[in-house]
Amino acid sequence: MKINFEHHQTAHCENGVASNLLLNRGLKLSEPMIFGVGSGLFFVYLPFLKVNFAPGFSYRPMPGAIFSKAAKRLGIKIKRQKFSNPQEAQKALEKNLEQNIPTGLQVGVFNLTYFPEEYKFHFNAHNLVVYGKENGKFLISDPVMDFATTLSEAELEKVRYAKGALAPKGHMYFPTHIPEKVNLEEAIKKGIKDTCKNMLAPVPIIGVKAMRWVAKSIPKWAEKKGTKVTNHYLGQLIRMQEEIGTGGGGFRFIYGAFLQEASVILKNDELKELSKEITAIGDLWRDFAVDIARVYKNRNSKSDIYNKLSKSMLHIADLEEAFYKKLRKAI
């Protein structure tokens, strides 16, 4: 069983799987377009939720939300299934492959045999496509890799049934209906409005307000919890920003590319200028991550370093707030 499926490498797994699955069905949408229409930019701070002994930070919405929102706004129907029984999950997947349906899967990263060792950590919201089975091995298109690969039945079962937070439970998904004509202009506007609404939300745990809460907490952690715990918290912050789910800087660059495409489709030059603005903010997030990494590795021991990090993040939050207000107005 082998489906004629094109593998394309992308910056982020969920957008990449969505883009590749839709392309297979004849709808060509770039990774940034999926990301923008699906309102992929997000920030949430959950100090009461501990992840790896640190507060919960996330630069992205819940796994699956980007593709689900993009599909809804484009009139695309997606079927999602979970299975308590691994054998049933494999049967359902093989049935799809027999019917020439490439299928998206949510999996755990840690046991992906083709991942380099330094990329392996316990994160259960990775996405990939299975597009066939040959000689007892499943054919895998993982969009963060530059080549298609394979997994044995046992290897695939292990990652589909990874344990822990966001356990996939055999989750598989695929488009069942794509309209002949999609209203891309309307979908772009809805995606942008939703992103602005989330990032400018009046609650302290979401968007720009959440960024400010984290920024103001950094010196307080240092004062109350000491250097070791503070550095651990900061390590978790940049891990969520730069490694887990791409967030932070990487997402700003993808969103900049989306606004460039959107400016042409909507004939709106203002979006082109805003694209440059969010890309520059992405650079600042990357600089922020490098500064934290130096502190984490004890290469920066300046006495007021935690205050400086706090000010850097507050500055980014100010720039983002101004950006979303301009973007909301532009649309």
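1. Y45, F57, W213, W221 and Y233 make up one aromatic cluster. Rings of Phe, Tyr and Trp (its six-membered ring) pair if their centres lie within 6.5 Å; planes under 30 degrees apart count as stacked, over 60 as edge-to-face and the rest as tilted.

2. This is a predicted model, in which local features need pLDDT of at least 70 and side-chain atom pairs count only at pLDDT 80 or more, while totals for chains, interfaces and linings use all residues. Residues are numbered from 1 along each chain as its sequence is written, and side-chain values use heavy atoms, with hydrogens and water left out.

3. The whole structure holds 14 aromatic pairs. F35 and Y255 form an edge-to-face pair, 6.3 Å centre to centre with 75° between the planes. F35 lies in helix α2 (residues 31-37) and Y255 in helix α8 (residues 247-265), so the pair ties together parts 220 residues apart in sequence. Helices (H or I, at least four residues) and strands (E, at least two) are DSSP runs, numbered from the N terminus. Both F35 and Y255 are buried, where buried means under 20% relative accessible area, exposed over 50%, and partly exposed in between (1.4 Å probe, protein chains only).

4. How are the rings of Y45 and F57 arranged? Their centres are 5.5 Å apart and their planes at 5°, so the pair is stacked. Y45 is in strand β1 (residues 44-51) and F57 in strand β2 (residues 54-58), 12 residues apart. Y45 and F57 are both buried.

5. A search of the whole structure gives 13 salt bridges, each a side-chain nitrogen of Lys or Arg within 4 Å of a carboxyl oxygen of Asp or Glu. In the one between E14 and R60, the closest N and O atoms are 3.0 Å apart. E14 lies in helix α1 (residues 13-24) and R60 in the loop between β2 and α3 (65-74), so the pair ties together parts 46 residues apart in sequence. E14 is buried, with a relative accessible area of 1%, and R60 is buried at 7%.

6. D194 and K197 meet in a salt bridge of 3.9 Å, N to O. Both lie in helix α6 (residues 184-199), three residues apart, about one turn of the helix. Is each end buried or exposed? D194 counts as buried at 11% relative accessibility, whereas K197 counts as exposed at 57%. A network of salt bridges links K69, R73, D194 and K197.
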